[in-house]
Amino acid sequence: MSGKVMTPDAIVGRLESGMTLGIGGWGSRRKPMALVRALLRSAVTDLTVVAYGGPDVGLLAAAGRIRKLVTAFVTLDSIPLEPHFRAARERGAFELVELDEAMFMQGLTAGAQRLPFLPVRAGLGSDVLRVNPSLRTVTSPYADGEELVAVPALRMDAALVHLNRADALGNAQYLGPDPYFDDLFCEAADSAYVACERLVGTAELTRDAAPQTLLVSRHAVTGVAETPRGAHFTSCVPDYDRDEAFQKEYATAARTPETWGDFSARFLAGTGEEDYHLAVEAWHKEQR
Amino acid sequence: MTTTTGTATVTRAEYCVVACAEAWRGDGEVLASPMGTIPSIGARLAKLTFAPELLLTDGEALLIGDVPAIGARSRLTEGWLPYRRHLTMVMGGRRHVMMGASQIDRFGNQNISCVGDWRRPDRQLLGVRGAPVNTLNNPVSYWIPRHSPRVFVERVDMICGVGYDSAAAAGLSATRFHELRRVVSDLGVFDFATADRSMRVVSLHPGVTVEELHDATGFPLPLPAEVPRTRAPSAGELRLIRDVVDPSALRDREVRAR
């Protein structure tokens with residue numbers, strides 16, 4: 001139970017090429033970007049990524065780390081289309097398992113509950129079944145006899161999530177309005193790593209917040225890292241909103257290999273998270 | 001084209017707002033989920049006028065008890081609707097969504113995933129998102145701000161939202177709660193109340209010609225002998241649109257005056 005507090009680089013040190021990796025958050029919201037940036041600094045590759053995708057997927061796709069992607073969408077929210085994901089798909093860079101949002105949720109739930117599948121009324125009649133020929137249907141054993149889609153469990157080797165607060169044991173708390181699916185990601189993975197804005201004592205977690213904000217429990221957590229502004233440039237409310245100006249810069253830079261090379265050299269080539277934030281701070285000063 | 005009712009000149013965007021609002025008429029106590037600016041104005045107009053029971057969200061995780069202007073912050077929270085509860089609400093059917101479409105065909109199959117061959121698309125778009133679950137579980141309408149033959153196509157490249165023919169082919173579980181209410185575009189209002197559940201014209205917005213509609217649609221669209229015109233907003237509705245729901249005229253950015 002002890003010794004869960006780790007650095008982002010130590011967490012990534014536990015990951016291996018070829019793993020199935022779940023990434024929490026939703027679109028461009030509360031993504032564990034500090035852990036993704038650490039991943040980009042590592043040699044880990046050939047990943048199967050499972051995510052409600054945002055710039056986490058974009059960055060890993062741009063760096064050629066994804067072999068297979070399991071998702072319902074990839075978006076930057078205020079910028080609807082993720083440029084790196086688009087480019088990667090249009091050059092056939094990786095295999096895609098394209099699921100509906102509810103199918104994805106059922107798959108995560110089955111993964112957390114150690115079920116082989118869960119049924120859902122989604123996918124029938126759509127091309128989700130055509131492009132995923134391995135998906136099967138199941139017939140209700142009851143009088144209705146309905147045929148439903150059997151979503152296979154989304155079980156992962158490791159999950160990465162970002163929350164507002166956590167204690168050293170791995171109990172983690174969200175303070176914004178939406179938990180997304182972070183607890184399910186942690187429970188559906190063999191190892192789960194929580195990054196947080198601030199590491200606090202256990203008593204502090206519920207000093208000013210209701211107990212139902214404690215989304216992730218320590219039994220489902222392998223490692224914890226304190227990464228202030230670690231979801232940047234995605235949102236992590238109420239600690240901070242999305243950095244829209246920087247996200248726009250990211251999307252613009254993604255348009256050509258040259259501008260993306262410049263962006264990577266400036267923001268992603270440092271030796272750690274601190275270099276990234278210093279570079280972002282300097283960039284913001286230039287914009288004034 | 002703009003037309004004049006009484007003293008007010010009604011814009012095309014305002015006809016579209018009213019046409020979208022009408023989609024939620026009679027729905028009762030369900031969540032109105034509008035995607036896009038004009039459907040959002042429409043849902044709020046409906047709630048302020050003929051459909052006060054509708055539930056609205058702040059676009060994030062809250063059900064709001066007031067009807068703020070587009071872009072303004074809600075001051076009254078009446079419920080909690082994070083994504084996973086939202087998906088449960090979809091599957092429970094107490095919701096009527098108005099989605100967008102990059103492509104739509106005559107039976108209402110909709111695509112927002114990609115254009116071209118799915119294995120290696122010419123244009124990757126959003127992904128299927130929640131379109132498959134939406135269309136099989138709760139009433140669905142569509143909003144298309146620029147009616148063109150690239151959107152209204154003979155066949156969609158990737159069926160995300162399920163149309164009437166696809167639902168029928170998939171069987172009882174697919175058709176049990178499947179219902180496409182209407183399609184609203186910048187040219188008119190359409191539904192699927194035909195014998196084979198293919199799309200037909202309900203009304204054209206004032207100023208739209210039959211030729212213009214045909215040129216902008218990639219499949220034959222049956223027209224009644226006398227083409228009805230989309231109803232104009234009342235003076236009260238116009239005041240609500242202009243002064244209360246959309247005072248910064250964001251509607252004109254989505255559908256320009258013509």
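In this predicted model, helix H2 of chain A, residues 33-41, and helix H3 of chain A, residues 55-62, have axes that come within 10 Å and cross at roughly 5 degrees. Angles under 35 degrees count as roughly parallel, and H2(A) and H3(A) are therefore roughly parallel to each other. On the side of H2(A), the residues in contact are Met33(A), Val36(A), Leu39(A) and Leu40(A), which meet Pro55(A), Asp56(A), Leu59(A) and Leu60(A) of H3(A). Sorted by class, this contact of H2(A) with H3(A) has seven nonpolar residues, one charged residue and no polar residue.

Further along chain A, the backbone itself deserves attention. Most residues other than glycine have a negative phi, and most peptide bonds are trans. Against that background, the loop between strand E12 (223-226) and helix H9 (244-253) of chain A, where Phe233(A) is found, can be read residue by residue. Arg229(A), which is placed in this loop between E12 and H9, has a phi near 55 degrees, a positive value in a residue other than glycine. The relative accessible area of Arg229(A) is 37%, so that this residue is partly exposed. A cis peptide bond joins His232(A) to Phe233(A), with omega about 10 degrees, and the peptide bond from Val237(A) to Pro238(A) is also cis, with omega near 5 degrees. Pro238(A) likewise has its place in the loop between E12 and H9 of chain A.

A positive phi is also found at Asp77(A), where the value is about 65 degrees although the residue is not a glycine. Asp77(A) sits in the loop between strand E3 (66-71) and helix H4 (83-90) of chain A, and with a relative accessible area of 22% it is partly exposed.

Turning to chain B, the reader can follow an open sheet of six strands, whose order is E3-E7-E12-E13-E14-E15 and whose pairing is mixed. Its edges are formed by strand E3 (31-34) and strand E15 (200-204) of chain B, each of which pairs on one side only, and the twist from one strand to the next averages 20 degrees. Within this sheet, strand E12 of chain B, residues 140-144, runs parallel to strand E13 of chain B, residues 180-185, and four bridges join the two. One of the residues involved is Val140(B), whose bridge partner in E13(B) is Leu180(B). Helix H2 of chain B, residues 37-48, packs on the sheet, where it touches E3, strand E7 (95-99) and E12 of chain B; the direction of this helix makes about 155 degrees with that of E3(B).

Definitions and conventions. Residues numbered from 1 in each chain as written. Chains lettered and ligands numbered in written order. Predicted model: local features only at pLDDT ≥ 70, side-chain atom pairs only at ≥ 80, totals over all residues. Heavy atoms only, no water. Axes fitted to C-alpha atoms, helices over the stretch in contact; angles between N-to-C directions. Parallel < 35°, antiparallel > 145°, perpendicular 65-115°, else oblique. Contact = heavy atoms within 4.5 Å. Nonpolar A, V, L, I, M, F, W, Y, C, P; charged D, E, K, R; others polar. Buried < 20%, exposed > 50% of the residue type's maximum accessible area, 1.4 Å probe, protein only. Pairing = 2+ DSSP bridges.
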